[in-house]
Amino acid sequence: MLHELTICPNVDKQGRDASSAAYMSNDNEKDLDIIATYSDVSGTIRTCRVKMKDLSASWVLENPINVDKVQVLKLKDTYQTSTPFQENVERSTDDQQFQEGEILSHRQTYWSPVKFKRQILRQKRRDLRTAELVRQDKEVDKEMQATEAIESLKNMDTVVKGKYSIWRKDFENPNADSTLKLMRDQIIMAKVYANIALSKKQTVLYNSLLKQVMESLNFIGEANSDADLHPSSLDRAKEMGHALSVAKDELYDCCTVERKLRAMLLTTEDNLESQKKRSAFLIQLAAKTVPKPLHCLSLQLSADYYFHGYYQTKQEPYNEKLEDPSLYHYAIFSDNVLATSVVVNSTVLYANEPEKHVFHIVTDKLNFAAMKMWFLVNSPENATIQVDNIDDFKWMNSSYCSVLRQLESVRIKDYYFKANHPSTLSDGADHLKYRNPKYLSILNHLRFYLPEVHPKLDKILFLDDDIVVQKDLTPLWDVDLKGMVNGAVETCKESFHRFDKYLNFSNPIIIENFDPNACGWAFGMNIFDLKEWRKRNITAIYHHWQDL
């Protein structure tokens with residue numbers, strides 16, 4: 001960094017000048033006043049006065065120019081890493097009370113590049129030495145921490161006091177529910193020794209162990225942690241431990257205990273598997289059983305239907321909306337009155353134009369009167385409702401529908417009805433969802449005959465009776481199916497809806513024609529292009545596979 005400076009020699013009373021050559025050579029040189037012009041960090045040009053003696057040895061005078069007893073020369077800072085000149089200038093600027101005529105003796109030390117380089121090297125050595133000392137200090141700290149941790153582990157007591165286990169060695173977390181686990185382990189061992197005592201006809205010891213088991217079970221109750229146990233549970237565990245010690249002294253034999261434990265393990269696994277199957281069956285039963293009040297509702301509706309003489313109306317007046325392809329048509333096949341009502345009313349509630357929506361409901365003969373009566377009394381406003389009896393479809397017979405012949409077979413009935421019998425619960429328990437007797441109803445298969453049910457319609461939306469509509473569904477009629485027969489909601493994110501869950505891939509015909517990882521779909525809401533259905537004759541393909 002270079003600074004332009006004007007150096008004015010101090011003139012004494014005799015008018016003597018200080019020579020420019022005296023700056024570097026004379027030890028007893030006169031002190032000089034220096035007018036410094038420099039730029040600060042913000043770029044502003046500043047001017048101030050400073051003494052020559054205030055400059056450090058790193059400043060060098062270059063190229064002196066004599067202009068009427070005033071020397072203009074450049075001052076160079078040879079040590080770039082610091083700014084003593086600026087600091088000295090600012091310090092001298094703050095003190096404006098010095099006398100211009102004052103002359104002080106100053107010994108100017110000659111600056112050498114070699115000396116400056118040595119200073120830099122010394123500073124580097126100091127920095128390296130400091131870094132090395134810091135590193136060594138950190139390593140010592142780490143070694144001390146590791147030593148303390150090892151000593152702490154050596155002094156830690158990992159033994160759970162009161163632990164009783166004669167057949168395995170446990171390393172338990174001291175914060176675990178050790179008392180509860182201890183009592184359960186004691187009960188298992190007490191049962192083992194009780195069985196051995198019974199086989200050796202030691203009745204007194206057998207009865208004593210059974211009594212201990214009952215008392216421990218009473219103490220445990222429904223506890224899931226030590227916090228749920230009775231305060232005196234630890235005393236109970238000690239008593240049981242004493243009884244087990246007595247039994248061990250009299251009965252313990254390693255091979256015998258091993259056999260008893262293995263037998264208990266196998267029995268427990270069998271019981272667990274049986275309970276899982278029974279639980280799956282009960283879940284399905286609870287989900288499908290019709291509550292008594294709903295059953296009574298259907299009976300009451302049927303009685304009202306016949307009481308008011310609606311059955312005498314053989315045929316309703318023709319409604320052109322039922323076959324108008326420009327309207328929005330829905331197909332619902334169900335024997336559940338309230339469920340069907342929920343689907344219809346929720347759809348109408350969110351429809352933008354309810355008067356353009358037509359619902360085609362098909363039910364069986366048993367529930368036709370109730371379904372008909374419900375929608376006669378509770379018909380949604382503006383929407384059109386049609387209720388049909390499946391028995392009125394004359395084209396649906398066993399000669400045309402192969403599925404009807406299958407549903408009447410004894411083998412199929414046994415598959416659905418006896419699958420839930422307690423004696424055969426283990427048969428097919430993994431697929432109880434698919435062995436529900438409701439699948440014997442032809443209503444469940446009617447969806448494959450949509451073109452026959454609605455011969456004059458081009459497009460129809462099929463809805464299951466277990467859904468609730470929460471938005472307007474009319475945009476579904478504008479979906480481009482790209483030449484496909486139906487559009488459905490994707491359900492293949494889980495393995496549940498893959499073909500291997502529905503089809504029997506042990507059959508060679510199935511293996512040759514289907515991919516086990518192919519995607520099935522849910523029938524909860526499907527849009528069908530009936531024109532494309534008829535063109536591809538999907539119903540005939542369905543019959544082909546049913547026959548196979």
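Biologist: Which residue in E11 is the bridge partner of lysine 459?
Modeller: Aspartate 529. Keep in mind that this is a predicted model, where local features need pLDDT of at least 70, side-chain atom pairs count only at pLDDT 80 or more, and totals for chains, interfaces and linings use all residues. Residues are numbered from 1 along each chain as its sequence is written, and side-chain values use heavy atoms, with hydrogens and water left out.
Biologist: In what sense do E9 and E11 pair?
Modeller: Antiparallel, over 5 bridges, with E11 covering residues 525-529. Strands here are DSSP runs of E, at least two residues, numbered from the N terminus, and two of them pair if DSSP finds at least two bridges between them.
Biologist: And in what sense does E6 pair with E9?
Modeller: Parallel, over 2 bridges; E6 is residues 328-333. Alanine 331 sits opposite phenylalanine 462 of E9 there.
Biologist: How many residues of E9 are buried?
Modeller: 4 of the 5 in residues 459-463, so the rest of the structure largely encloses E9. Buried means under 20% relative accessible area, exposed is over 50%, and partly exposed is in between (1.4 Å probe, protein chains only).
Biologist: New topic: how many disulfides does the structure hold?
Modeller: 0. A disulfide needs two cysteine sulfur atoms within 2.5 Å.
Biologist: What is the relative accessibility of cysteine 254?
Modeller: 49%, so cysteine 254 counts as partly exposed. Cysteine 255 is partly exposed too, at 46%.
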